[in-house]
Amino acid sequence: MMYAILIMCTAFFVYPVLFVLKTSFESQYTVRAIPPQYLIVPTLRNYIRATTLYEFQRYLINSVVVTILSVGLALLLGTPCAYLISGRWGNKRRSSDIAYTIFAGRLLPPTAVAIPFFLLYNSVGLYDTQIGLILIYITLNLPFVIWLMRGFYMEIPKEIEEAAEVDGCSKLSVFLKIVTPVSLYGLAATALFCMLVTWNEFNMALILTGVGARTLPVQALQFWGSLGLDWGAMCAAAMLITSPVLVFGVIVRRYLIRGLTFGAVKG
Amino acid sequence: MSERRRNYLKTVGALAAGLVVGGAAGYLGGTMRPPVEKTVEKTVEKTVEKTVTATPAPPTVPFPTTAEGLDALLKENREKLLAKLMDAAKASSVDWRQCEGETLHFIIRTATDNEPYMKMGEMFKELAGVTVEMDIMPEVPQREKATLDILEKTGIYELSFVDNMHLPLYVAAEAVEPYEPYIEDPKLTDKDFFKPEDWYEPLWRSANAPPYGEPGMHYYIPNCYHHTLLYYRKDIFQKYGLTTYDIDDFEHLINTASVLNNPPNWYGWVSRGMRGEGMNIFTWQTFLRGYGGNWFDEDWNVIINSPEAVEAMEAYVKVMREYGPPGVEGYDFSATLTTGGEGKTALGLDCDCWSTLLWDPRNAKPEVLGNMYAARVPQGRAGRHAGFFCWAFCLPVGIKTEQKKKAAWLAAQFMHSPLGIAALQAMNLVILPPRPSVWEIPEVKAITPPNDWKIVKDLSQKYDAFYDDRPMIPEWPEVGDITGVALSSALTGERTSKDACDWAAVQIKDVMTKAGYYG
Amino acid sequence: MRRGDLNSHKFFFFLVLLAPVVYANIVGFGPFLWMLYHSFFDYDFGKVPLFVGLRNYLLVFTTDPTFYKSLYLSAVFTAACVIVELALGMLIGYLLYKTRLLNSVFTLLLMLPMVITPAVSGIIWRLLFDPLFGHVNYFLSLVGIQGLRWLSDPLGALIAVIVCDIWQWTPFVALVLYAGLTATPPEPIEAAYIDGASEFRTFIHVLIPYLKPLIIICIFFRIVDCFKAFDFIYTLTGGGPGTSTSTLPLLLYLNVFTFYHVGYGSAIGGVLWILLLTTTTLLMRRVGSILMRE
């Protein structure tokens with residue numbers, strides 16, 4: 001009985017993805033058939049179009065580089081900060097206030113700040129560069145990193161650190177050798193979440209890139225043409241964008257789930 | 001009261017006081033924009049000549065009905081055209097190499113002509129030593145980016161695609177350059193190659209963006225020419241014993257749609273319903289202007305809620321709701337095209353690229369293939385009005401160097417010369433040349449499907465159809481969108497037509513007041 | 001405590017602390033401040049900005065025809081999404097917790113909607129909601145409901161948008177709650193079982209209190225994201241037939257990028273930001289005690 005409900009719910013969530021998968025292999029002639037034709041003759045035409053019409057490799061490389069670098073740098077910048085405001089030192093209220101201020105930066109839709117970013121980047125020469133995108137994505141990811149990692153650090157009992165310090169470790173080595181290994185789950189979860197968000201980020205990439213530094217999600221939208229919608233190519237592009245993230249997520253999903261809860265509990 | 005709460009109240013009180021003071025200061029001190037000096041000439045009405053009907057000539061060579069055949073035909077002609085273009089360019093008197101070494105960035109919207117543009121970009125590099133980077137984006141983001149770039153004069157793109165209805169915005173802000181200095185310069189232009197007078201008259205007239213443009217100056221170079229036409233399924237019409245020559249007015253149109261309506265096999269009508277100044281307004285204006293309505297009168301008073309306009313809205317809403325397919329209230333161009341292609345409609349009013357796109361077996365089911373013909377838009381008591389629209393290249397003022405500007409002009413000349421335009425048409429059957437002479441090129445003749453739409457188009461051009469229908473003002477995006485929302489709400493039944501028009505009138509008046517039209 | 005240590009490392013401390021804050025301020029807040037600054041100007045694209053103080057804000061609250069509707073839509077959309085996502089997420093999380101078999105398969109499948117780019121998911125649902133060729137109407141016709149107009153009907157479009165958001169983010173809630181459930185200690189549950197409590201009562205009185213922090217976090221994230229949601233609504237309905245799915249971010253987009261009223265649009269942005277700030281602050285204050293267990 002419970003399984004039945006579970007299966008039904010999962011079916012709802014999975015069906016559109018299967019629809020995209022099926023359409024991406026389908027020819028234009030059967031794409032709009034009603035009742036839907038599930039047994040189709042697969043064709044690679046859509047994938048060929050999606051990868052060859054515009055410079056797919058360049059976009060893929062851009063996406064990979066930008067995501068890895070921005071998430072990595074955000075982690076680097078954010079974790080020490082999170083550690084320091086995790087309530088170990090000073091006023092607890094001030095720590096949480098600082099955390100909260102950083103989080104407040106996340107509260108605006110990107111369209112609001114698109115124009116000033118565009119102008120700023122133009123005057124500084126960062127338009128259509130990978131570095132420009134990376135800088136923005138670091139800003140996007142920092143609040144997440146600090147928020148989540150702060151939660152993880154608050155979980156770690158002080159006794160371990162105190163013991164290490166009594167043994168003569170400096171603050172820095174306490175951080176590196178004791179705290180970090182314990183919070184690995186949390187780091188992995190945070191990294192995963194940030195990668196997911198950055199990889200799929202669309203608004204900023206659209207405004208701030210030309211042909212040079214464009215990322216994959218923007219490319220999927222390029223099939224949304226004004227003279228008819230090429231369902232097949234669109235779905236193929238969507239599958240191509242999601243597959244890397246999906247594969248990655250499958251491999252490390254255990255970390256994601258465990259990590260999300262541990263960090264979230266302490267806010 | 002506790003210390004903390006007192007502090008809290010203090011901050012809140014200070015904030016509130018600051019707000020009140022700031023608000024008052026801003027309101028009193030901040031003035032409205034000074035009134036804009038506007039002298040607008042009334043557009044000259046065409047004299048209506050007697051309409052003439054004609055029968056189409058039968059096709060000499062059978063048009064391909066398979067995708068492979070079509071592709072082969074297009075490819076063959078495209079290559080011939082590109083080769084011709086290259087030869088003509090080399091033979092022209094222009095020194096193409098004068099801006100060698102520059103790199104240009106173009107931004108164009110995704111469409112079927114992207115591949116020819118990219119091909120021409122490569123050819124141009126070979127010809128002139130100038131690298132062209134094409135940035136291709138969907139229509140809406142492309143328009144945003146191009147506008148941002150042009151108006152902020154950041155000079156990222158040397159040539160941007162613009163929508164002709166947005167041109168007044170740019171010209172009024174003095175953000176685009178006129179083309180005349182380049183066209184008249186013998187070192188930069190070969191008039192035989194470029195043929196600057198060879199444009200359809202409405203296009204070239206609106207390129208001047210009257211009254212904002214300097215007289216005699218043109219601010220864009222078109223690449224296509226869309227206008228609305230009526231489409232009908234010849235086989236269904238024959239089954240019912242109808243001809244489109246009988247559709248003389250809107251009542252007749254609605255009657256025809258009701259007769260043809262045969263759900264769920266096919267519906268009697270389809271047109272655009274989605275809100276937007278380029279969407280439902282594009283097709284609705286035929287009704288609006290045909291009934292005698294308009295957005296503004298000569299003194300810029302808002303007359304969108306005049307009885308004629310309300311009548312026009314009611315007629316459109318009626319034919320869409322009663323004889324259109326379900327969901328037509330939200331149809332954009334691709335949805336109407338899909339409906340036509342899947343054979344779900346017998347009659348439709350939409351952009352003229354339907355006529356060619358539906359001869360492509362990839363877009364049209366077998367029963368539709370070869371059966372979709374075109375006719376002139378229906379006329380009302382104020383004549384036939386077909387909206388027109390084009391995409392065009394414009395030259396932003398913000399381009400960084402003179403050399404780049406010259407190079408951009410050379411590229412525009414190359415790509416939008418008659419042969420260049422012809423090459424753009426030879427892709428996926430979207431044949432909408434903005435230049436009359438392109439039709440005469442033999443390769444273009446070979447790829448034109450044998451329906452009678454070219455004849456219809458010519459008739460429309462020469463006789464009784466008006467093509468200057470949407471107000472060319474910088475505030476048009478907002479005015480148009482407001483009307484689009486009003487029409488959309490009338491279509492979904494949220495408001496009655498009268499209420500929708502009144503609502504739109506109030507909004508538009510507000511916009512025009514803020515923009516300074518009423519002194 | 002360790003005051004002595006703190007003083008000697010004070011410089012390093014502040015450097016490490018401030019670096020990301022300063023960075024976020026320059027890159028992140030800079031443009032945000034630009035937007036705020038320009039909200040006090042009458043600034044249309046291509047025209048010279050004129051200072052008008054709080055006039056734009058006044059106009060937003062008094063003469064904008066769609067502002068209150070957008071506000072209402074944002075609220076309705078957020079409320080509907082959060083409530084359904086929580087309810088459904090709890091149900092699925094609990095089911096996952098109870099059914100140990102094939103759990104990894106289910107969690108994997110449930111992850112799928114989360115990884116799709118939101119803009120793309122908007123397009124996918126647009127295809128699915130097509131009245132003639134979409135699968136939603138096809139499946140409904142199998143149970144006898146014919147030809148619903150989704151995207152061209154004001155209410156239908158709103159439902160479509162809510163369904164899209166639910167589809168994309170319920171798995172997030174479900175997986176978080178499921179993980180939370182697996183982390184609960186078994187003793188209270190056993191105690192309740194021994195006391196003879198039914199399954200339902202166990203769930204309500206024993207498990208939910210344990211999950212409270214997680215639930216709060218989920219609500220928090222979802223409220224912020226739903227208020228900010230833009231790309232999938234835009235690709236799915238473009239603002240809806242008329243203005244029936246124009247939430248606040250879409251209103252912002254319309255004003256800035258379609259009408260080119262940058263100053264006025266920035267004022268809307270300012271309003272949205274203050275709204276979100278107040279909502280989250282209130283939420284934090286009310287449940288702060290639960291979160292700050294330290």
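**Helix packing, domains and chain contacts in a predicted complex**

The buried residues of helix α2 of chain B are covered by elements that include α3 (114-128), α7 (191-194), α15 (402-415), α16 (418-425) and α17 (442-447) of chain B. The model described here is predicted. The buried residues in question are L70(B), L74(B), N77(B), R78(B), L81(B), L85(B) and A89(B). Helix α2(B) itself comprises 25 residues, numbered 67-91. From its first C-alpha to its last it reaches 36 Å, close to the 36 Å expected at 1.5 Å a residue.

Confidence was examined for the complex and for chain C. The predictor assigns the complex an ipTM of 0.82 together with a pTM of 0.84. In chain C the average pLDDT is 81, and 87% of the residues score at least 70. Within chain C, confidence is highest in helix α4 (residues 67-98), at a mean of 90, and lowest in helix α1 (residues 3-8), at a mean of 48. The stretch formed by residues 1-6 of chain C has a pLDDT below 50, and in the model it makes one contact beyond near neighbours in sequence.

Chain A contains twelve helices and zero strands. Of the 267 residues of chain A, 51% are buried. Among the contacts of chain A with a separation of 6 or more, 78% are between residues 24 or more positions apart. The secondary structure of chain C, by comparison, consists of 13 helices and two strands. Buried residues account for 52% of the 294 residues of chain C. For chain C, 70% of the contacts with a separation of 6 or more join residues 24 or more positions apart.

Chain B is assigned two domains: domain 1 covers 67-224 + 391-440, and domain 2 covers 226-388 + 465-515. Taken over C-alpha atoms, the centres of the two domains of chain B are 30 Å apart. Contact between them involves 18 residues of domain 1 and 20 residues of domain 2. On the domain 1 side, the elements of chain B that give two or more residues are α2, α5 (167-172) and α8 (201-206). Helix α5(B) provides the largest share of this side, with three residues. By type, the residues on the domain 1 side are 14 nonpolar, three polar and one charged.

Chain B also meets chain A: 25 residues of chain B are in contact with 19 residues of chain A. The elements of chain B that give two or more residues to this side are β1 (103-109), β2 (131-137), α4 (139-151) and α13 (333-341). The side of chain B that touches chain A is made up of eleven nonpolar, seven polar and seven charged residues.

The largest nonpolar core has 317 residues. The residues that touch the most other members are L208(A), A237(A), A238(A), Y170(B), M313(B), A411(B) and A160(C). Helix α8 (residues 154-182) of chain C gives the most to this core, contributing 19 residues. In soluble globular proteins, nonpolar side chains tend to be buried together. Apart from its neighbours within four places in sequence, A237(A) is in contact with A50(A), Q219(A), A220(A) and F223(A).

A loop residue of chain C was considered next. S39(C) is placed in the loop between α2 (10-38) and β1 (41-42) of chain C. S39(C) counts as buried because 25 C-beta neighbours lie inside 10 Å, the threshold being 20 or more. When residues up to four places away in sequence are not counted, S39(C) touches N56(C), G263(C), S266(C), A267(C), G269(C) and G270(C). V52(C) is 13 residues from S39(C) along the chain, and their C-alpha atoms are separated by 9.0 Å.

Several backbone features were noted. Most residues other than glycine have a negative phi, and most peptide bonds are trans. A cis peptide bond, with an omega of about -5°, joins P263(B) and P264(B). P264(B) is located in the loop between α10 (250-260) and α11 (280-290) of chain B. D128(A), although not a glycine, has a positive phi of about 60°. D128(A) belongs to the loop between α5 (110-124) and α6 (130-155) of chain A, and it is partly exposed, with 19 other C-beta atoms within 10 Å. K153(B), although not a glycine, has a positive phi of about 55°. K153(B) is placed in the loop between α4 and β3 (159-163) of chain B, and it counts as partly exposed, with 14 C-beta neighbours inside 10 Å.

Notes:
Residues numbered from 1 in each chain as written. Chains lettered and ligands numbered in written order. Predicted model: local features only at pLDDT ≥ 70, side-chain atom pairs only at ≥ 80, totals over all residues. Contact = placed C-beta atoms within 7 Å. Helix = DSSP H or I, 4+ residues; strand = E, 2+ residues; numbered from the N terminus. Nonpolar A, V, L, I, M, F, W, Y, C, P; charged D, E, K, R; others polar. Expected span 1.5 Å × (residues − 1). Buried ≥ 20, exposed ≤ 12 C-beta atoms within 10 Å, placed from the backbone. Domains from an automatic or database assignment. Core = buried A, V, L, I, M, F, W, Y, C linked by C-beta atoms within 7 Å. pLDDT = per-residue confidence, 0-100.
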